[in-house]
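Subject: Structure for your review

Dear colleague,

Please find below the structure that I am handing over to you. My notes on it follow.

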Amino acid sequence: MSYDLLVRNGTIVDGLGGEPYIGDVAVQDGVITAVGASNGETAKREIDATGLLVTPGFIDLHTHYDGQAIWSDRLTPSSAHGVTTVVMGNCGVGFAPCRQEDHDVLVDVMAGVEDIPGVVMTDGLPWTWETFPEFMDALDAGKRDIDVAAYLPHSPLRVYVMGQRGADREPATPEDLAKMRSLAKEAIEIGALGFASSRLTIHKTESGSPIPSYDAAREEIEEIARGVVDGGGGLLQFVPDIPAGGYQPVLQTVFDVAEDVGLPVTFTLVVANAGAPTWPDAITMVEKANKNAGSGGAQFTAQLLPRPIGLIIGLQLSANPFVLYPSYREIAHLPLAERVAEMRKPEVRARILADKPGAGHPILYVAQAWDWIFPLGDNPNYEPDPSDSVGARARARGVAPMEEAYDRLLDDDGHAMLLVATSNLENNSLDTVGQLLHRDDVVLGLGDGGAHYGMICDASYSTYFLAHWARDRRSGRFTVAEAVRELTSVPARVAGLGDRGRIAVGYKADLNVIDHAALRLHRPVISYDLPAGGRRLDQTADGYVATVGSGPVIAENGVPTDARPGKLVRGRQSPPQTV
């Protein structure tokens, strides 16, 4: 027998946590058709995986490729890090449903919440849709390297039903609620994986207002959730308002609604760097909700990034410690070399350091969290030593942290990048994160690919997790089998994508061939490849010998091929009947 693809003699990591073993994986017509010994069969394409890991393709539950999946045929950084399926529409923001007169409203939301420049969306989106089904059809018609799936996002839904009243966060009327329920049902029926919303304080529009979903009432969440049930069911994704009082009571409201209507929930979990920890309360809530839900695996899951949540700042990026200072703004428009020359002048330096910040987006103020800001070098360290922070370096030099930050920004002729680790470094380490990720009710998430183009590049977390947590870290490590399970079958289960996430006959032929010993992240780089020449952070890695999507090889040794097999995943998928 001849196959389309035969991966020979690799160390097969099945995605379920089973002991890795040496064998072959055969692919025909986009599915895995044989696993084990190939017994002399041939294939149109063969890959020698001797000494290499063969894993299922990774699944990222939390992305924002809603725009990039329309204007681009490659979903990088994610697809450069072994990810073959992404879920978008998270945080309740997106581009559908949307009437023509409300385009600017949604652009304002996405520019503020997800740091996507307005001109990028204006130039990059054709707006050939109004309804959510029409948006899904637009996704379905596109060609891309990996698969996409989508939630129905709350803020566009609210504005579509209520117009300006929805944008202004007025209470929904009974008629509004009935319409939202009907549209949620329709969205699930045509392939939405579920419904997503946010109550996070710092999720603001570019013009400074809270997003439309910010303070939506329980009745609104419940009616939409009932619409999800009417359509056949799905997942509720939620970002609670953590800074404004912890996980109670907003998250409890969502949990109560989910328990009432019988839907699973996944939400963003943050481990604070300092102060009284709030994560134990969230875990207690999850444990109680799962106990009430009964068997069938964790129905309520917390999503946690395996490295610090934070920002990348620099003179070429959206944020730096002086970006809100009027004296810096006077020169911010200059080309980088000219700006650096100005900043090196003693009088300019003195004026900026003596200045005070003006008004701006609240997320920009974290760029002065001195003890949590670290240089990000060519071999990026996401679990840095406290002595490397800007604050510690300043104390060692006997200068103010502002001066140390100023000097570090001028390193490499102004090309330097700094990591602002806003959370997940409790007790100055990732120990707590590792302990939590070993739980069945905590899953990987929050890569945010497709968003925060000028300040975040966390979509590479899959590479970091497999390298740092399953190879380099001395304590709290995961085995390779455990790490691959967290990147594959676990998110597949949470999202309801039963056709992928494991290596077994009948499953979707999404695969990675990985040189685990060589796996290495590069420093993020700045690219200008968005519509209208927009800027974004990108990040690549060594160690991915091949990534396979639905059968074709989409990348080899970090270089993309011409294959574009990615599809829109319409709705939850059942496991193959052959297994």
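What distance separates the centres of domain 1 and domain 2, taken over C-alpha atoms? In this predicted model, the two centres lie 28 Å apart.

For orientation, the domain assignment places domain 1 at 2–55 + 508–560 and domain 2 at 59–308 + 426–477. Domain 3 is assigned to 311–423. The remarks below concern the interface of domain 1 and domain 2.

Contact between these two domains involves 26 residues of domain 1 and 31 residues of domain 2. Together the domains bury about 2,300 Å², with carbon and sulfur atoms accounting for 62% of that area. On the domain 1 side, His-516, Pro-531 and Leu-537 contribute 22% of the area buried against domain 2, more than any other three residues.

As to specific interactions, 1 salt bridge is found across the interface. Lys-508 forms a salt bridge with Asp-147, in which the closest N and O atoms are 2.9 Å apart.

Three strands each supply at least two residues of the side of domain 1 that touches domain 2: strand 18 (511–514), strand 21 (536–538) and strand 23 (544–548). By residue class, that side of domain 1 comprises 14 nonpolar, 7 polar and 5 charged residues.

Yours sincerely

Notes
Residues numbered from 1 in each chain as written. Predicted model: local features only at pLDDT ≥ 70, side-chain atom pairs only at ≥ 80, totals over all residues. Heavy atoms only, no water. Domains from an automatic or database assignment. Contact = heavy atoms within 4.5 Å. Buried area = accessible area lost by both parts, 1.4 Å probe. Salt bridge = Lys/Arg side-chain N within 4 Å of Asp/Glu carboxyl O. Helix = DSSP H or I, 4+ residues; strand = E, 2+ residues; numbered from the N terminus. Nonpolar A, V, L, I, M, F, W, Y, C, P; charged D, E, K, R; others polar.
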